[in-house]
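I opened this notebook to record a few local look-ups. The entries follow the order in which I made them.

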There are 2 protein chains.
Amino acid sequence: MSSEPRRPSVARSTWRLLIGPPLRAKQISQEEITPVEGLSALSLDALTSVAYGPEAIIVVLAVAGGSALHLVLPVTISIVVLLAILVFSYRQVIDAYPGGGGAYAVTKDNFGPRVSLLAAAALVVDYTLTVAVSIAAGVGALTSAFPSLAPATVPICLAILAAVTVLNLRGLGETARAFLLPTMVFIVGLLAIIAVGLVHPLALHAPQPGHVELPSRSLQAVGILLILKAFSAGCSALTGVEAIANGVPLFKDPKPVRAKRTELLLGVILGLMLLGLAVLADRWHVAPRSGQTVLSQIMGMAVGRHWAYYVVSLTITLVLALAANTSFGGLPVLASLLARDNYLPHLFALRGDRQVFANGIWALSIMSGALLIAVGGNTLTLIPLFAIGVFTGFTLSQAGLVVHWRRGRPQRWRHRAAINGLGALVTAVATIVFLVTKFTEGAWVVVVAVPAFIALFVRIHSYYAQTARILGIGEIPPKPHGASSLVVVPVTGVSRLTEHAISQALSISPQVVAVNVALESDDAEDRVGQLRSQWDRWNPGVPLEIVRTEYASVAAPLVAYVDRLRRNRPEQIVVLIPTVAPDRVRLRILHNQLDLVLSNALRAHTGVIVARVPMAIPALAAGRGEERPGPSS
Amino acid sequence: MSSEPRRPSVARSTWRLLIGPPLRAKQISQEEITPVEGLSALSLDALTSVAYGPEAIIVVLAVAGGSALHLVLPVTISIVVLLAILVFSYRQVIDAYPGGGGAYAVTKDNFGPRVSLLAAAALVVDYTLTVAVSIAAGVGALTSAFPSLAPATVPICLAILAAVTVLNLRGLGETARAFLLPTMVFIVGLLAIIAVGLVHPLALHAPQPGHVELPSRSLQAVGILLILKAFSAGCSALTGVEAIANGVPLFKDPKPVRAKRTELLLGVILGLMLLGLAVLADRWHVAPRSGQTVLSQIMGMAVGRHWAYYVVSLTITLVLALAANTSFGGLPVLASLLARDNYLPHLFALRGDRQVFANGIWALSIMSGALLIAVGGNTLTLIPLFAIGVFTGFTLSQAGLVVHWRRGRPQRWRHRAAINGLGALVTAVATIVFLVTKFTEGAWVVVVAVPAFIALFVRIHSYYAQTARILGIGEIPPKPHGASSLVVVPVTGVSRLTEHAISQALSISPQVVAVNVALESDDAEDRVGQLRSQWDRWNPGVPLEIVRTEYASVAAPLVAYVDRLRRNRPEQIVVLIPTVAPDRVRLRILHNQLDLVLSNALRAHTGVIVARVPMAIPALAAGRGEERPGPSS
């Protein structure tokens, strides 16, 4: 008998290789980041939205024909104004919650648990959409540069998602520094391309691949609704500006100062990029084009489809994939907070071997993968769903901050409350605009999903509360009292396996009974007689009872027997099921799965202790068997 | 706490409805059949092979051009001669083995276990092929009659397979009589159509759907190899003539007499059908035709595509599906015999709730389903693989009979041995012909599969033999001896769940220790201090030990703790894991699966008794929770 654990399977070893060995809690490097590193660790989601934000505006405007395209500049300016308001609002969130101020935490703190569920549901939807949009946009950048990859859009999306998932299951200790280089290439490269385009475009008149997709006659007049639609579509560029406020504890001391500096930096860079792209798009009359994103067109017109274009395009794909990480950093932590507050299954609060919340990572990966498959990897299909969740979070956070300032009344609280109040107001208006203008184009999905998540949270919470009452959590329970116990050992014959199980049974209690289930058939009497005589010869000091059945199932009569014992005997009933446990997993099928069926059947009957007592069959036996080809009997 | 079993799930209830309630062993109706019923119960496999046998001959001959088609008659005559030899040989098998003489049993009896494995492997391959060929041919008859169904060939095949599988999982008590009507319609209908064709064809010159598929120039000269190939292809019509000899115990007394009468009846009917079809095919120069089987062509030419054609075509589909039953009656029983002899996993010897060998039925269904998918439901692709297994079985049975007669030396044993010897000889020659002529067309699959099955049987047998030695099966083991025991209860807090588990632990042994695994983190010390003070207030009379870990996994340190105990303490270690068991399956995900992880981790360490002690959470709690929408805290 060996106490060695079973050899790990090949699948398990490969998996270990992929995600790495278990980590100690202390091994999670608590790296502290600078503002520039903060851009790469916390702001990629926001920065990379230039890859789809301007495009979303232009696609909406194009519906009204080529002449409407000049509206791209005023719409973008209004979005940049909104960005500025958000940046200043979130700098105040950093002041108020230097421990990290996610929408869920801020809302819970200021409005109580009920309203916080709205924030939580909005965030869950939003995180999932961010992953899907970022990856879809990254693959869009890739297929714009290399059109031959376009047919493989969905597989490429899923491959990137898988890679991001595995990276996150490994844990992201080294993230910020690893992301720094591509982030810098992206920021500097794109700003440089925009500058070239503004000052002296190199390839403005070079032919672009694909053909312009403008309606032959405008499908819609230019009106307030169109402008609002373009504005809502463009607001997808603002998603992610809240991430820095969530991650304040990651910064070097003085943390809030550095975090606020990062927020400002993000605002300036993102604003410059959006404005620059809008000016170029307006000046060059950029329209939607088949097989190419708007960003790809502008870059191609500014510097030509040469090395600079390809370097920045590939970097955009990379940073968009990394942007998905913002969500992978966010949702699992949010899920763990919700699980700790009893709003999600507790398994989301368990850390995996790599100290990450692995179940949350899996859940996010599966949800966003399903979304990517559902929309066929098309960014523009996802845009109408996007931003609603984010802006709901914005509004709740800012409104929460107003309450926070009124409560605490620190210096200049009125001024602070006014800034956050403005933020809450404009984002609330924006959210309503989104809902109205994009409802039929997909926003209804969010309107269904958010309440559905809230309902789920509430039901789970209510179940846990009931369970806690039943289990008496928080109370001191009555004193435990032991009875004596009676051990039942199902046996099929006399062997060392039987001896092993009965020895273990006798260790538990002197009261042991062996039970054999005899099927009623022609030769059953013989077999029973034989077993009896073997038992008597062995004389183990334990009675043998025979239970007869007319049915094929052995489990049902044994369960009935145990139930009879439970009703008629005062003892605690313990059932020990002898089990042969071969060393190799693939050999297990060779042993009757009867013990499994039996233990499952008995386990449904609470109040009985059921254990399988395995007797090891060393691998040697199987190995030797393989060498000798002939049957041995 | 309830001892009621959990409610069955919807899936389980539906399944029960499909396959019926459990049956008592006595409830299996031991119906005894007459020769005519014997045809429907045991001979459908053989009779229905007229649906593909003649076609297989004509397809082979057509390769040599239209002029070779006249060879169909002499080839068929030689096959019918072989049929006659087989019928007389098997009538003798019935005499020798009135208890049922399958090839495996006869071979084992006369040549010992080693040779019998060859028979067993050949039979396994053959049964699988019979199912696939019968269903594919049945669907071929269907799509000949209704060409629009042709694109759905594979799904229709799988649907029929699923229906046959479910019927067999229900148990086939009422089979013979239920099959009688379609069998009679098939025999009488087809013989009548042949008679019409021979005497006065009604629609000889009516246009047939599809176009003739003859090579523009003959691909092969008419030679001995072509004739041998046509002969081997046609021998697929002889599969199944052994089934009656296997099923002797099913007949009314005097069983052997009635079984022999059935065998003769089968021979006469099958011979007449084969000859009749060959005469018509020869006379009418029937060639392969797209989208139509040969049988369908002949029927169409004899009586026109009117009601008689459609009735018999549909009946052929039905009886071919029923013919697959011959295998479903055979393979599971063979597998159970092999399992009892330790050549297959013992689970094949277990009867299901309906008293059938459910695992064998599943195995056959999965193997033949895979085969049908692999060949796309095409009968002709399967024909070269077919018959080799059957004829190997024929040869082994007949040769075994020769040994049997020589051993027993009953009256006229020389005469009897001569008949079986002739049978063995011609089937052996036929098997070699098959192997040579069809090797590259698919027979090699059988040449690989049969030894592979034999190797599998031998390895399994050898493993079981080793295991039996280790378990001391057949010996009287040493007397069992009990030690005292020490019960370990992993706890996470103080609650009624803890109390329940510790009460049960105290019933097993006065020595109980509660263990808490504390993760080393910032707030861990607080939590440990809190748990300690709660424990002291409760004062359950059981010590609480704290095990500390730096890793995320709770299972690993607990396993290490239990291992330490095992090494240092003389007692039998029992681990009782407290578990919350909600009444509804879908609620289980709400409880930490920690107990599952833990019990799996500990179970790998043999020598420790591991049991989860569930505390029931009644469905009420969840139900009440659903009615109240608000969170309760």
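This is a predicted model: local features need pLDDT of at least 70, side-chain atom pairs count only at pLDDT 80 or more; totals for chains, interfaces and linings use all residues.

**Entry 1: α6 and α7 of chain A**

I began with helix α6 (residues 103-111) of chain A and its approach to α7(A). I found that the two axes come within 7 Å and cross at roughly 165 degrees. Angles over 145 degrees count as roughly antiparallel, and α6(A) and α7(A) are therefore roughly antiparallel to each other. I noted the handedness as well: α6(A) passes α7(A) in a right-handed crossing.

I then listed the residues that meet. From α6(A) they are Ala103(A), Tyr104(A), Thr107(A), Lys108(A) and Phe111(A), and from α7(A) they are Pro113(A), Val115(A), Ser116(A), Ala119(A), Ala120(A) and Leu123(A). Sorted by class, this contact has eight nonpolar, two polar and one charged residues.

**Entry 2: Ser116(A)**

I next took one residue from that contact. Is Ser116(A) buried or exposed? I read a relative accessible area of 0% for Ser116(A), so this residue is buried. Ser116(A) has its place in helix α7 of chain A. A polar atom of its side chain lies 2.6 Å from the backbone oxygen of Pro113(A). Leaving aside residues up to four places away in sequence, I recorded that Ser116(A) touches Tyr104(A), Thr107(A) and Lys108(A).

**Entry 3: α7 and α15 of chain A**

I stayed with α7 (residues 113-145) of chain A and turned to helix α15 (residues 358-374) of chain A. At what angle do the axes of α7 and α15 of chain A cross? I found roughly 55 degrees, with the axes coming within 9 Å. The two helices, α7(A) and α15(A), are therefore oblique to each other. The crossing of α7(A) past α15(A) is right-handed.

On the α7(A) side I listed Val124(A), Tyr127(A), Thr128(A), Leu129(A), Val131(A), Ala132(A), Ile135(A) and Ala136(A); these meet Leu364(A), Met367(A), Ser368(A), Leu371(A) and Leu372(A) in α15(A). The residues of this contact divide into 11 nonpolar, two polar and no charged.

**Entry 4: Glu571(A)**

I looked up Glu571(A), which lies in the loop between α21 (555-568) and β4 (572-582) of chain A. Its relative accessibility is 12%, so Glu571(A) counts as buried. I then asked which side chains the side chain of Glu571(A) makes polar contacts with. One is the side chain of Gln511(A), at 3.3 Å, and another is the side chain of Arg569(A), at 3.1 Å. Not counting residues up to four places away in sequence, Glu571(A) touches Ser484(A), Ser485(A), Leu486(A) and Gln511(A).

I moved to chain B and helix α10 (residues 224-234). Its buried residues are Leu226(B), Lys229(B), Ala230(B), Phe231(B), Ser232(B), Ala233(B) and Gly234(B). What covers them includes α4 (53-62), α5 (72-96) and α18 (413-471) of chain B.

At 11% relative accessibility, Ala51(B) counts as buried. With residues up to four places away in sequence left out, I recorded that Ala51(B) touches Leu295(B), Ile316(B) and Leu320(B). I also noted a separation: Ala51(B) and Leu331(B) are 280 residues apart in sequence and 23 Å apart in space, C-alpha to C-alpha.

Definitions and conventions. Residues are numbered from 1 along each chain as its sequence is written. Chains are lettered from A and ligands numbered from 1 in the order in which they are written. Side-chain values use heavy atoms; hydrogens and water are left out. Helices (H or I, at least four residues) and strands (E, at least two) are DSSP runs, numbered from the N terminus. Buried means under 20% relative accessible area, exposed over 50%, partly exposed in between (1.4 Å probe, protein chains only). A polar contact is a pair of N or O atoms within 3.5 Å; within protein, one must be able to donate a hydrogen and the other to accept it, and residues adjacent in sequence count only if both atoms are side-chain atoms. Contact means heavy atoms within 4.5 Å. Axes are lines fitted to C-alpha atoms, for helices over the stretch in contact, and angles run from 0 to 180 degrees between N-to-C directions. Angles under 35 degrees count as roughly parallel, over 145 as roughly antiparallel, 65 to 115 as roughly perpendicular and the rest as oblique. A crossing is left-handed if the near helix is turned anticlockwise from the far one by less than a right angle, and right-handed if clockwise. Ala, Val, Leu, Ile, Met, Phe, Trp, Tyr, Cys and Pro count as nonpolar, Asp, Glu, Lys and Arg as charged, and the others, Gly among them, as polar.
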